[in-house]
Amino acid sequence: TGHTADDQAETVLQRILRGTGPYGLCGIFPVRGSRVRPLLCASRKEIRAYLSETGIKYRDDWSNNDTTFFRNRLRHKLIPYLRTDFSPNITDGILRLADLSREQESYLNKQTEEAYKACCIHADSYKILLDKLLFIGYHKVLQQRIVRQCLEILEGAGRDTDMSEVENILHHIGERGKAINVTEKIILEILETKRSSYHEKLLFG
């Protein structure tokens, strides 16, 4: 797709203003599945200059100038203001933040996957069963990410997972025997079971 460095900066800044977590700071990924975004390293100004030099015609979407849209207000008002009054290199700074965030996200993804595999007793498209004892022994960051992963497994990786959902689940995990409606389709239950000794499990399904 044709996303540019400016699109990247706008995406990250938009997420910051809306209260994103660390994952949101990653911005637009250069490669995600079959989608490749080769122009993320170039600004709109650079791309337009190249098109003009080579005589290639392009078309602007008129709706990009409509400042009733939140993103367009970032583009035409906030970012120019920040560039003029605070930092002429504001876009480069945001791009560095996104690059560093993606590197850290890659590492945390590996840690999360290992922790998830260790505490996951059963998983299919209808339910996920976790070992509660192992789960609560993890750092809160891993707990948050495992919960997010469970929700995405059950409802699809494209779901818009809100941190308030994750925190609500973590808040109720200590309440033995209580069923919690996470979404219309997902319920969290704490089940009492026995292996070699008394044990509890977390059931998402």
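I79 lies in helix α3, where helices (DSSP runs of H or I, at least four residues) and strands (DSSP runs of E, at least two) are numbered from the N terminus. I79 is buried, with a relative accessible area of 7%; buried means under 20% relative accessible area, exposed over 50%, and partly exposed in between, using a 1.4 Å probe and protein chains only. The model you are looking at is predicted, so local features need pLDDT of at least 70 and side-chain atom pairs count only at pLDDT 80 or more, while totals for chains, interfaces and linings use all residues. Residues are numbered from 1 along each chain as its sequence is written, and side-chain values use heavy atoms, with hydrogens and water left out.

Let us stay with I79 for a moment. Not counting residues up to four places away in sequence, I79 touches E10, L13, L74 and I90, a contact being heavy atoms within 4.5 Å. R145 is 66 residues from I79 along the chain, and the C-alpha atoms of these two are separated by 31 Å.

One of the residues that I79 touches, L74, also lies in helix α3. L74 is buried, with a relative accessible area of 3%. Leaving aside neighbours within four places in sequence, L74 is in contact with E10, L13, Q14, L17, I79 and P80. From L74 to I136, 62 residues apart along the chain, the C-alpha atoms are separated by 40 Å.

Now look at α3 as a whole. Helix α3 covers residues 70–85, and its 16 residues should span 22 Å at 1.5 Å a residue; the end C-alpha atoms are 21 Å apart, which agrees. The expected span here is 1.5 Å times one less than the number of residues in the helix. At L78 in α3 there is a kink of about 35 degrees, shortly before the proline P80; the bend at a residue is the angle between axes fitted to the seven residues ending there and the seven starting there. The buried residues of α3 are N72, L74, R75, I79 and L82, and they pack against α1 (5–17), α2 (44–54) and α4.

Q14 is found in helix α1 and is buried, with a relative accessible area of 13%. Apart from residues up to four places away in sequence, Q14 touches F70, R71 and L74.

Helix α4 comes next. It has 30 residues and reaches 42 Å from its first C-alpha to its last, close to the 44 Å expected at 1.5 Å a residue. Its buried residues include I90, I94, L95, A98, E105 and C119. What covers the buried residues of α4 includes α1, α3, β3, β4, α5 (132–136) and α6 (140–155).

E105 is found in this helix, which runs over residues 90–119. At 6% relative accessibility, E105 counts as buried. The side chain of E105 makes a polar contact with the side chain of R145 at 2.8 Å. A polar contact is a pair of N or O atoms within 3.5 Å; within protein, one must be able to donate a hydrogen and the other to accept it, and residues adjacent in sequence count only if both atoms are side-chain atoms. Beyond residues up to four places away in sequence, E105 touches Y23, C26 and R145.

C119 is also in α4, and it is buried, with a relative accessible area of 1%.

Finally, we reach the strands. Strand β3 (residues 120–123) and β4 pair in the antiparallel sense over three bridges; two strands pair if DSSP finds at least two bridges between them. A hairpin joins β3 to β4 through four residues, and L129 in β4 is the bridge partner of H122. In a regular strand the side chains alternate between the two faces of the sheet. Both faces of β4 (residues 128–131) are covered: I128 and L130 are buried on one side, and L129 and D131 on the other.
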